[in-house]
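Student: I have a structure open and a few questions about it. Can we go through some residues and strands together?

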Amino acid sequence: MPPKLPPAVAAYYQTLATIEGHGAANEGATRAAFQTLLSAWAAPQGLTLLAEQTMDGTRQRPIRLDGVLVDDLHFRRGCWEAKDSVDDLDAAIPRKIAAGYPLANTLFENTRRAVLFQDGRRALDADLRDPAALRALLDTFVTYAPAQIAEFHRAVARFRDDLPQLAAGLTALIDDARRTNPAFRAALDSFLALCRSSLNPATTPAEVEDMLKQHLLTERIFRTIFANPDFVRRNAVAAELEKMVDALTGQSFSRAAFLHKLDYFYAAIEATARTIDSYPEKQDLLRTLYEQFFQAYSTRAADTHGIVYTPPAIVGWMVASVEQALAREFGLGLAAPGVHIVDPCTGTGTFVMEILHRLPAAALEAKYTAELHANEVLLLPYYIAAQNIEHAYVERLGRYAPFAGLCFADTLDLADSPQLDMFAPANSQRVEQQKAAPIRVVLGNPPYNVGQISENDNNKNRKHPTVDKRVAATYAKSSHASNKNALSDIYVKFFRWATDRLGDRDGVVCFVSNNSFLDQIAFDGMRQHLLQDFTRLYVFDLGGNVRKNPKLSGSKHNVFGIQVGVAITLLVRNRQHPTPELFYTRVDEFWTREQKLEHLAATADYTQVNWQPLIPDARGTWLTAGLQADFDTFLPIASKDAKAGAELSAEAIFKTYSRGVATTRDNWVYDFNREELERKIKLFIDTYDSAVDRWERLGQETRPIDEFVHYDDKAIKWSESLKANLMRGKHAHFDESRIRQALYRPFCKQFLYFDRILNERVYLFPSIFPTPETEQENSIIWLKVGTEWPMFALMANKIVDLLPQGGSQCFPFYTYAADGSGRRENITDWALAQFQAHYGDPGIGKGDLFHYVYAVLHSPAYRARYAANLKRDLPRIPFVPAAAWSAYVAAGARLATLHRDYAAQPPYPLRRVETPGEPFHWAPDPRGLRLTPDRTALRVNAALTLAGIPPAVFAYQLGHRSALEWVVDQYRVAVDPRSGLRHDPTDPADPAAIVRLVEQVVQVSLATVALVAGLPPLE
């Protein structure tokens, strides 16, 4: 019996047989089969196959490879070239070699035969129809690693381990020099003053020392990789930093002796660089070094500035589109005199380099010296950009000239007051020249970062007074959203800055950015202003929002490998055509990163795109597909006007509503275990109150609050409001009555320390559930809102959490005074009158209306028909036919009881399957509950499985998960990596509670599905 083939090989042969059975033998038909096989074979080696890659060949003529294998450090490890099955490889290979195909590790194949070259020599000639020969060929190909690449990998791994210690050593040396070396102290203070005047008035000594350390640790790399020994003399900022180095080394510190510890790293880099002739590959090497450096040294900078490299296909498409837009709209080109271009966040200079490659040689010098501008605020990419751009110029014209258009500056600061002092005179001169330039084109890849993940990082997005005020006065002021936090994202500021930077000139703006502005509610004002500020707008939506569609993978489907969606936006202002026009296109949601980039490369520029004209509505909604006009005729569930009014006569169903509680420290203030929560809160309060005492003792003007507090993840979690309370001298006091039971996630109750100081925002919940007693009579409809999850509603009689990705809104039946007295109805008299009049029934009560609303929010027809409306608006409630009214009220009441009192429902009789030989226990596996692949059973632990889960259970969806999947997701042991806090859902006093909960949620799900299916039609 022949040996069993590996699945990938078997699939390959099967695919080939199918293709050939249809009479196809050409490369286009057969290449995909080998590509799939090669990808599968390379993956276990940590290699990725990138299809359709272009590189320089002989005489700089580009060659197109069918595939390139790259490793996790972006090194090219192998090349693949496919031919037709009838092609003669012996004739084709010499032509490819003459064209410049690399032979370090290159595989040529035609589905029948393959020839593998390694180290410039023919290493294997294999019959691909022989499975053993095919496997040997693949193994030899994917395991190839040049000695210098392997050594580089080892050096990088060691570097990541060694760098923090080396940086700490440099910190100690700098601290000592600051105390004992007057020359160094003077140089440090001078550089700090320059940074504060040019980069950021809030620059700290620690940030300047970081720049010095980065310079010391990386300067040799720039000299050696680029063979540029004059780098520190030629570069304005490097020259200033060298003054500090000279002062630091003027006494006992030896630069050479200290950096000798990194010789292994430098040597590996230099050995690798010597094997690279292609400048683009040297750029890849620098990219790798840059990423590794920031991973090991400065993850905070990477988090704040969103360090992401723009794929060449995107850069090329954007620059080509700008060129075409200039020609179409103004009869100009990139090279035209007077067309000043700026890349405000240049990173490593890729956009400027692309422009230099496109300019005709005759115009290159003039543009390079006077009309091309770029800014970068981080030191290392600034260095790399200078090297890259200047090398591109040398490559085109054969002579060196410094790129005077590159500024070491924060672009968003350039809108503020003029610099008070000079920062590296050459740099300041560049800044002033740029500020005076009549910019016609702005393009680039601005950072996207709405804010720091944790206040304990002390790593907020910087304030930019002028731009922030402009965003507030335009985008925010025109927005109808109640939560406008998303407008603090840095990329939004860059759109505002770019618009203002054009001044009163016609011009072009082209950014690749987060695509959240396309449909999120908070951006309605921004969308309206973009239509006012520009005459033609083109949005190429590249998708990839993993939060909105959990079936996507950031690493696979997103062009940047991130979690948020991406779009390219081309904005044209041409006042000869004042009526704004908006155009949109998007790629398939499930296209991979490679497919999206290949599509961009194929379309070349915006003139080759099949654009869809969009007609925005009056509320600034651009993507109106699916919006139903009749939705606006229904009764509003709530409104800001009703909420602001004093009477129950307001024209909305609910008088008031509230977001869920936002704690910003869930790990501290939530817990399954009451005693553990009490322990954590007491530690937290002790730490916080000590800080309040220290603030009062030391005086409130010692230094900024962000520098005053101690950041200790294991003792406290800071937030903006907590710091504000500290500055106000407010102490926290432990009060056992503030431990309340809350609904943290659907069907997941935890204890919450409900407190105005320790919770970031409690919103209106002190008037909704002020006391545990009010939970016995009051209920809320907990509604998930926003664009990233489908809307769902859940009845609750507990405090509920805000929820991620868009948040939640809550609609109570009653509200109260702070002590639980003064109960007030929250359904308006106006709404009750509308329903009584419509149905001709004065006997309809507010309880009926409450349950009716809940039933409508569960109607499959309502959710499907108005899905698009519900992403941008709070629900509006229709009238159902009179004959259906009572059925909706009854169904809503039953659903309310099922969901609010789910823990009191009878358990569904799942089969409890015990594993023979395993000691029985109830506690879930520490890794959590796990559904079987067919979702018919749930593994609780090694000893117990719950079987017989009906498929209909999963039809009860709350957002992207079913009710049962919410339980599976939440009821697991979780340890927060920052604080070390451990959350264990097991109740020692009731060990079977989680199993019982699963059975109850199954019962609730089945009953919900049946009730919803029985609802009469809406119309």
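Tutor: One term before we start: contact means heavy atoms within 4.5 Å. Also keep in mind that this is a predicted model.

Student: Fine. Which residues does glycine 67 touch, leaving out those up to four places away in sequence?

Tutor: Glycine 67 touches Leu49, Leu50, Ala51 and Glu52, and also Gly78, Cys79 and Trp80.

Student: Where does glycine 67 lie, and is it buried or exposed?

Tutor: Glycine 67 is part of strand 2, residues 62-70. Its relative accessibility is 0%, so it counts as buried.

Student: How far is glycine 67 from lysine 4?

Tutor: Their C-alpha atoms are 28 Å apart, and 63 residues separate the two along the chain.

Student: Which strands does strand 12 pair with, and in what sense?

Tutor: Strand 13, residues 566-573, pairs with strand 12 in the antiparallel sense over 7 bridges. Strand 14, residues 581-586, runs parallel to strand 12 and is joined to it by 6 bridges.

Student: What holds paired strands together in general?

Tutor: Strands of a sheet pair through backbone hydrogen bonds, in either the parallel or the antiparallel sense.

Student: What are the bridge partners of leucine 537?

Tutor: In strand 13 the partner of leucine 537 is leucine 571. In strand 14 the partner is leucine 582.

Student: Now the sheet with strand 18. What is the strand order?

Tutor: The order is 18-20-19-23, in an open sheet of 4 strands with mixed pairing. Strand 18 (670-671) and strand 23 are the edge strands, each pairing on one side only.

Student: How does strand 23 pair with strand 19?

Tutor: Strand 23 and strand 19, residues 739-745, pair in the parallel sense over 2 bridges. Alanine 742 stands opposite isoleucine 799 of strand 23.

Student: Which strands does helix 26 lie across?

Tutor: Helix 26, residues 674-698, lies across strand 18, strand 19 and strand 20 (748-753). The helix runs at about 35° to strand 20.

Student: Arginine 694 is in that helix. What is its nearest side chain of opposite charge?

Tutor: That is aspartate 693, at 9.3 Å. A salt bridge needs a side-chain nitrogen of Lys or Arg within 4 Å of a carboxyl oxygen of Asp or Glu. Arginine 694 has no salt bridge, yet it is buried.

Student: What does arginine 694 touch, again leaving out residues up to four places away?

Tutor: Arginine 694 touches Phe708, Val709 and His710.

Student: Last topic: backbone angles. What is phi for glutamine 805 and for arginine 935?

Tutor: Phi is about 50° for glutamine 805, positive although the residue is not a glycine. For arginine 935 phi is near 60°, also a positive value in a residue other than glycine.

Student: Why point that out?

Tutor: Because most residues other than glycine have a negative phi.

Student: Where do glutamine 805 and arginine 935 lie?

Tutor: Glutamine 805 lies in the loop between strand 23 (799-800) and strand 24 (808-812). Arginine 935 is in the loop between strand 29 (930-931) and strand 30 (937-941).

Student: What are their relative accessible areas?

Tutor: The value is 27% for glutamine 805, which is partly exposed. Arginine 935 has 34% and is partly exposed too.

How values were computed:
Residues are numbered from 1 along each chain as its sequence is written. This is a predicted model: local features need pLDDT of at least 70, side-chain atom pairs count only at pLDDT 80 or more; totals for chains, interfaces and linings use all residues. Side-chain values use heavy atoms; hydrogens and water are left out. Buried means under 20% relative accessible area, exposed over 50%, partly exposed in between (1.4 Å probe, protein chains only). Two strands pair if DSSP finds at least two bridges between them. Axes are lines fitted to C-alpha atoms, for helices over the stretch in contact, and angles run from 0 to 180 degrees between N-to-C directions. Lys and Arg count as positive and Asp and Glu as negative; His and the chain ends are not counted.
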